[in-house]
Amino acid sequence: QRGHGDADRPTTGYRPQNFAADLAAFMHTLDLGPAVIVGHSMGASIAQRFAIDHPGHTLGLVLVGSLATWRGHPDFVQFWDSVVSTLTDPIDPNFVREFQESTLAQPVPPEFLETVVRESLKLPARVWKAAFLEGLLEADFSAELAKIQLPTLIFWGDQDVLTRNGQEALTAAIAGSRLVVYAGAGHGLHWEEPERFAADLTAFVESLV
């Protein structure tokens, strides 16, 4: 994903449409056919955008820790105002660790968490800001979600900061979607219960192919 990991870090282009276009170009380059698109958190917004913009490339959709829109969500507006908007380089490792740990309701292997922190530290402050502001808080294509006419699975941990109401609104916005609730799990439910998530995801994919 642009700006993340060891990918290029362009000065612009951190809106869901940009990330979705990158994925479409990647699939075209590798000559991939329609695929099941899976996204978590901001990645789920990108997956939604991809399904809207590239329905012919989308076999099914899996959204984890997602919303119909992040715009105006009080917790994330407050996090932007008080933390993300003030970030400077070099990024404080303590901030990254606290941020990633805040997504969890259950423990994950320490070595896995260290990998997540290390990878997150590769993002400079400007990418944190652009991805959070442009990729989440300014993006609102909830009115277009009705265009998604694909099998869709929505995963949510009931200890997530995202509410049940938000999940029900997302499920209602995408016709034929199904909500799967992980009791006791947080925003990073696929990290917390990887075997269960892998089994649920595999079953969904196998039902489509």
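This is a predicted model: local features need pLDDT of at least 70, side-chain atom pairs count only at pLDDT 80 or more; totals for chains, interfaces and linings use all residues.
Student: Let's start with strand E3, residues 152-157: is it mostly covered or exposed?

Tutor: Strand E3 is mostly covered, since six of its six residues are buried. Thr152, Ile154 and Trp156 point one way from E3, while Leu153, Phe155 and Gly157 point the other way, and the residues on both sides are buried.

Student: And how many bridges join E2 to E3, and which way do the two run, parallel or antiparallel?

Tutor: Strand E2, which covers residues 58-64, is joined to E3 by four bridges, and the two strands run parallel. Within that pairing, Val64 has Phe155 of E3 as its bridge partner.

Student: What about E4, how many bridges does E3 make with that one?

Tutor: E3 pairs with strand E4, residues 178-182, over five bridges, again in the parallel sense. Here the bridge partner of Trp156 is Val181 in E4.

Student: Which helix goes with E3 and E4 in a β-α-β unit, and what hand does the unit have?

Tutor: That is helix H7, residues 164-173, which together with E3 and E4 makes a right-handed β-α-β unit.

Student: Switching topic, at what angle do H1 and H2 pack?

Tutor: Helix H1 (residues 16-29) and helix H2 (residues 42-53) pack at an angle of about 65°, with their axes 8 Å apart. The two helices are therefore roughly perpendicular to each other, and H1 passes H2 in a right-handed crossing.

Student: Which residues make the contact?

Tutor: On the H1 side they include Phe19, Leu23 and Met27, and on the H2 side they include Met42, Ile46 and Phe50.

Notes:
Residues are numbered from 1 along each chain as its sequence is written. Side-chain values use heavy atoms; hydrogens and water are left out. Buried means under 20% relative accessible area, exposed over 50%, partly exposed in between (1.4 Å probe, protein chains only). Two strands pair if DSSP finds at least two bridges between them. A crossover is right-handed if, with the strands pointing away from the viewer, the path from the first strand over the helix to the second runs clockwise. Axes are lines fitted to C-alpha atoms, for helices over the stretch in contact, and angles run from 0 to 180 degrees between N-to-C directions. Angles under 35 degrees count as roughly parallel, over 145 as roughly antiparallel, 65 to 115 as roughly perpendicular and the rest as oblique. A crossing is left-handed if the near helix is turned anticlockwise from the far one by less than a right angle, and right-handed if clockwise. Contact means heavy atoms within 4.5 Å.
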